[in-house]
Amino acid sequence: MPFNVLVLACLAYVIFLFSVAFLVERRAMAGRLGWLRSPLVYTLSLSIYCTAWTFYGAVGYAARSGLEFLTIYFGPTLVFVGWWWVLRKLVRIGRQHRVTSIADLISSRFGKSNLLGVIVTVMAVVATTPYIALQLQSVVLSFGVFASATPDGFTPPDAEQTAIWVAAGLAVFTTIFGTRNLDAKEQHHGIVTAIAVEAVVKLVALLAVGIFVVWGLAGGIGATLERIDASGLAAWDMQPGRWTGLLFLSAAAVICLPRMFQVLVVENSDEGHLATASWAFPAYLLAMSLFIVPIAVIGLDRLPEGANPDMFVLTLPLSEGQGGLAMLAFLGGFSSATSMVIVEAIALATMVSNHIVMPVWLWLRPAVAMSADLRGVVLNARRLSIGAVLAMGYGYYHLSGGSAALAAIGLIAFVGVAQFLPAMIAGIFWRGATRIGAALGLVTGFVVWAYALFLPSFGPDAVYSAQFLAEGPMAIGWLRPQALFGVEAMDPLTHALFWSLMLNATAFFIGSVLTFPGPVERLQGAAFVNVFDDQATDPRRWSHGQAEPEQLLVMAQRILGDDAAQSLFEAAAQAQGKSDSLLPDPTPEFLSDLERRLSGSVGAATAHAMISQLVGGATVSVEDLMAVASESAQMMEYSAQLEAQREKLSRTAGALREANEKLTRLSVQKDTFLSQISHELRTPMTSIRAFSEILTEGDLPPGMVTKSGRVIQDEAKRLTRLLDDLLDLSVLENGKVSLSISLANLREMIDRAIQAAEQVKPERGFTFHRDLAAENIFLRTDADRLTQVLINLISNARKYCDAKHPEIRITIRIKAGRAVIDVADNGKGIPKDAQSTIFEKFTRLPNESRAKGAGLGLAICREIVVNLGGTIAYLPGQGGAAFRVSLPLRLEAKAA
Amino acid sequence: MKRPRRPMFLARDPYRRRRLRDAARLLPVFGAFLMILPVLWSPPDAAPRVTSGDVVYFFLIWLMLVLAAAGFAPGLSAGEDAGKDEDD
């Protein structure tokens with residue numbers, strides 16, 4: 001195939017990519033992205049994981065080390081299949097905090113520290129520049145393959161020249177589409193779509209070659225499997241340590257590689273796309289690696305001894321005379337290389353401009369933040385950085401002379417970027433991770449990586465002398481670069497991975513545990529770790545400063561552009577309720593919102609620095625943090641108080657309800673009382689009236705007159721007694737009774753009471769059981785009143801006791817300064833349901849309704865006892881009716 | 001600061017969603033086990049392994065992981081809007 005055709009095809013392909021990117025950018029400007037923002041495009045853009053190193057190198061890898069190449073795809077498969085663990089959180093954080101790169105993520109998490117940003121940027125540049133060189137090399141090599149393999153032949157182009165052309169072309173493409181605009185969110189739709197197209201091209205190319213090999217050359221699947229077993233590849237040896245290590249390494253790399261972070265997090269336009277990518281990306285990887293082994297096996301079989309297995313994808317179709325297929329494969333490899341370089345360059349350039357160029361610029365000319373058009377500065381910084389990154393890539397290629405050493409650089413770069421892993425993972429899961437810890441860990445890991453893996457990779461006598469490698473610096477065996485601390489059993493890659501990450505994580509942990517994070521750091525830590533917690537308030541990052549809103553607007557316009565900045569300010573002003581003004585107050589909320597918008601363009605650290613310049617450095621302090629904390633503590637306390645008051649209220653309501661019920665009951669009682677009293681008064685009145693009417697008729701026999709007179713007299717007496725009782729009760733109930741308190745002997749009182757009660761049912765002979773000795777005590781009380789109570793109790797017993805041999809037992813005890821008097825009979829007692837009401841007025845026992853009393857006796861007793869400072873209660877379970885009166889031995893005269 | 005209390009028991013749908021998340025979390029662990037398993041297959045001194053068998057094994061488990069993830073994905077992304085009940 002003539003060289004011109006090849007170049008022409010390349011150019012046509014590049015122009016095609018240009019137009020795709022250009023059209024998409026135009027649609028994006030018009031806001032009509034439609035399906036271009038679909039999960040499919042997102043998934044395909046992730047395929048930049050598969051670089052030329054995959055496209056060409058995987059076959060070579062398989063030819064040399066068997067199935068070990070699979071680990072490079074298994075790691076990412078695990079990470080994506082397990083997206084619920086890490087990726088989801090990363091993407092959410094990236095969107096919420098407008099993260100622009102992995103350096104920005106780490107710097108932002110650890111208090112927007114630019115130091116960390118610089119460290120990560122430098123590490124990323126050092127680790128991935130050789131990787132870019134590798135891509136250039138692959139393109140150069142593939143050109144060379146065409147030159148040498150074609151029969152008509154053309155002079156192989158000068159490798160150096162090819163590399164320059166490719167690097168320059170890529171720089172132009174990347175600059176045009178990577179720095180078109182400084183979006184609030186760092187997204188490049190044109191480029192993303194272009195690399196999605198390239199992803200399809202490389203997949204189709206590799207599948208086409210694979211299908212040709214399996215069905216065209218090997219003769220079907222079964223035959224291919226047989227040839228696999230027959231080939232030298234079958235002798236590969238699975239090294240457990242290396243296998244597991246590579247699995248872990250590729251899993252770490254897929255989230256730590258700057259270009260992967262760029263497409264995975266920064267260019268993500270919808271979190272939902274991740275769900276699709278979680279299976280579609282592993283499926284893409286599977287398809288990419290499906291034919292690697294057959295190509296390697298058939299290549300080893302058919303191509304002459306000593307052919308470079310890295311180029312089998314190209315040389316196999318060429319040697320079989322399939323020029324078209326080889327052309328497709330060439331374009332696939334070209335796609336892999338270019339898409340990787342473009343995205344890597346953008347990712348690195350964003351880091352370099354945001355974390356190195358801009359801070360230096362602002363530091364050199366602080367006044368510029370206010371005056372110059374920073375957008376131009378940022379964009380130029382980025383363009384320069386892209387140029388510089390590609391120049392470095394080319395320089396590295398030039399220096400290494402396209403040697404075989406480059407082939408190993410893929411895994412070496414993986415180990416380099418894997419050093420970000422501890423800071424990143426701990427940063428999003430552990431609030432205790434601190435800036436100093438992260439810096440220590442990163443630097444430690446980087447140094448170990450460089451010492452044990454990167455520098456030795458140049459081969460003996462390039463950086464280290466052979467003696468240095470074998471014996472260690474100054475012959476200290478423990479420091480041999482490839483056998484640190486005497487660990488010799490591992491191969492150099494696993495060894496370096498193990499020690500660098502081990503020491504990295506250890507330094508990180510110790511540094512974090514021993515240091516105390518600053519306030520901004522703690523705020524960011526909480527915001528990152530609790531990113532899914534809706535409750536997590538976004539605490540103010542700024543206290544009220546002296547920032548002039550106008551100055552802020554001027555600065556925002558410099559970075560976001562006039563329109564975007566003005567509409568942002570206007571919206572904020574409206575949200576603050578200022579309808580007439582365009583300038584909002586510089587409240588803490590507004591400042592942190594503005595900072596977040598700015599950080600989408602220039603990175604968190606720079607945005608933070610720029611705002612602090614205007615606000616006068618009045619950022620949040622530990623005191624502010626504590627204030628926020630105590631505010632929420634106050635809130636909690638306040639709600640606890642509310643809760644307590646609520647309980648108190650409900651208690652009060654309960655008490656009110658009870659009181660109300662009691663009042664209702666009392667009212668009912670009063671009504672009953674009135675009707676009962678009327679009834680009680682009416683009965684004697686009726687008989688008095690009847691007999692007095694008889695008397696007025698005259699002509700009565702004298703016996704009748706006497707009888708009627710006696711009835712009238714009796715009823716009048718009864719009426720008087722009733723009225724006396726009622727008066728007595730009312731006096732007692734109102735507590736207005738006057739007591740004549742004196743010392744009196746209890747026995748005398750009981751004697752008197754028994755005597756007085758004898759007139760009740762005198763026909764019944766009662767036996768009294770008394771303890772005269774115990775009764776012989778003196779009480780200081782109202783003797784007449786107490787006797788009245790005793791008379792009442794004894795008369796009741798006489799009245800109601802229905803036993804054949806009635807007995808009354810009177811027991812006296814002294815207990816805690818009180819005299820306890822029990823009066824019990826041996827009758828059938830009082831039924832249980834009546835026990836609670838016997839002390840109420842007008843209560844008579846159900847079967848005794850025709851007894852003589854009005855039912856006031858016990859009510860009066862109770863009132864008297866209460867007035868004497870004691871209690872009276874029915875005493876159940878004594879084998880009859882029993883009452884217990886408990887009185888103080890010495891009643892003090894009432895103060896009133 | 002105390003987190004707001006979350007319900008201890010859930011209705012059927014949210015419960016299913018959480019178990020789906022559990023499954024999604026476990027999937028990579030399971031996958032890693034399957035990928036490392038061949039390390040234990042043949043001791044170094046034993047007869048050489050059949051490489052074509054390994055190839056078939058690896059691609060089969062790979063396919064299985066992809067299919068499982070594809071099966072989980074719709075349920076996981078659907079549940080995302082409904083619940084902020086993250087860590088079960």
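Helices (H or I, at least four residues) and strands (E, at least two) are taken here as DSSP runs, numbered from the N terminus. By that rule, A:Ser250 belongs to helix α12 (residues 240-256) of chain A.

The model is predicted: local features need pLDDT of at least 70, side-chain atom pairs count only at pLDDT 80 or more, and totals for chains, interfaces and linings use all residues. Residues are numbered from 1 along each chain as its sequence is written, chains are lettered from A and ligands numbered from 1 in the order in which they are written, and side-chain values use heavy atoms, with hydrogens and water left out.

**Two buried sites in chain A**

A:Ser250 counts as buried because its relative accessibility is 0%; buried means under 20% relative accessible area, exposed over 50%, and partly exposed in between (1.4 Å probe, protein chains only). The side chain of A:Ser250 comes to 3.1 Å from the backbone oxygen of A:Leu247. Beyond four places in sequence, A:Ser250 has contacts (heavy atoms within 4.5 Å) that include A:Tyr49, A:Thr71 and A:Phe414.

A:Phe110 sits in the loop between α7 (102-109) and α8 (114-149) of chain A. A:Phe110 is likewise counted as buried, because its relative accessibility is 0%. Among its contacts beyond four places in sequence are A:Leu116, A:Ala423, A:Phe508 and A:Glu521. The C-alpha atoms of A:Phe110 and A:Arg522 lie 8.0 Å apart, although 412 residues separate the two along the chain.

**Salt bridges**

A salt bridge is a side-chain nitrogen of Lys or Arg within 4 Å of a carboxyl oxygen of Asp or Glu.

| Pair | N to O distance |
|---|---|
| A:Glu595 and A:Lys112 | 2.3 Å |
| A:Asp491 and A:Arg242 | 2.5 Å |
| A:Glu320 and A:Arg302 | 3.0 Å |

A:Glu595 and A:Lys112 form a salt bridge that links helix α28 (residues 588-602) to the loop between α7 and α8 of chain A, 483 residues apart. Both A:Glu595 and A:Lys112 are buried.

A:Asp491 and A:Arg242 also meet in a salt bridge. That pair joins the loop between α23 (466-471) and α24 (492-514) of chain A to helix α12, across 249 residues. A:Arg242 counts as buried because its relative accessibility is 17%.

A:Glu320 is partly exposed, with a relative accessible area of 28%, and A:Arg302 is partly exposed at 39%. Shared partners in salt bridges connect A:Glu68, A:Arg242 and A:Asp491 into one network.

**Chain B and its interface with chain A**

The secondary structure of chain B consists of two helices and zero strands. Of its 88 residues, 35% count as buried. The average pLDDT (the predictor's confidence in each residue, from 0 to 100) of chain B is 77, and 72% of the residues score at least 70.

The contact with chain A involves 35 residues from chain B and 41 residues from chain A. Buried area is the accessible area (1.4 Å probe) that two parts lose on being put together, summed over both; between these chains it is about 3,600 Å², with carbon and sulfur atoms giving 76%. On the chain B side, B:Met35, B:Phe59 and B:Trp62 lose the most area to chain A, together 19% of what that side buries. The count of salt bridges between chain B and chain A is zero.

Methods
Polar contact = N/O pair within 3.5 Å; in protein donor to acceptor, adjacent residues only side chain to side chain.
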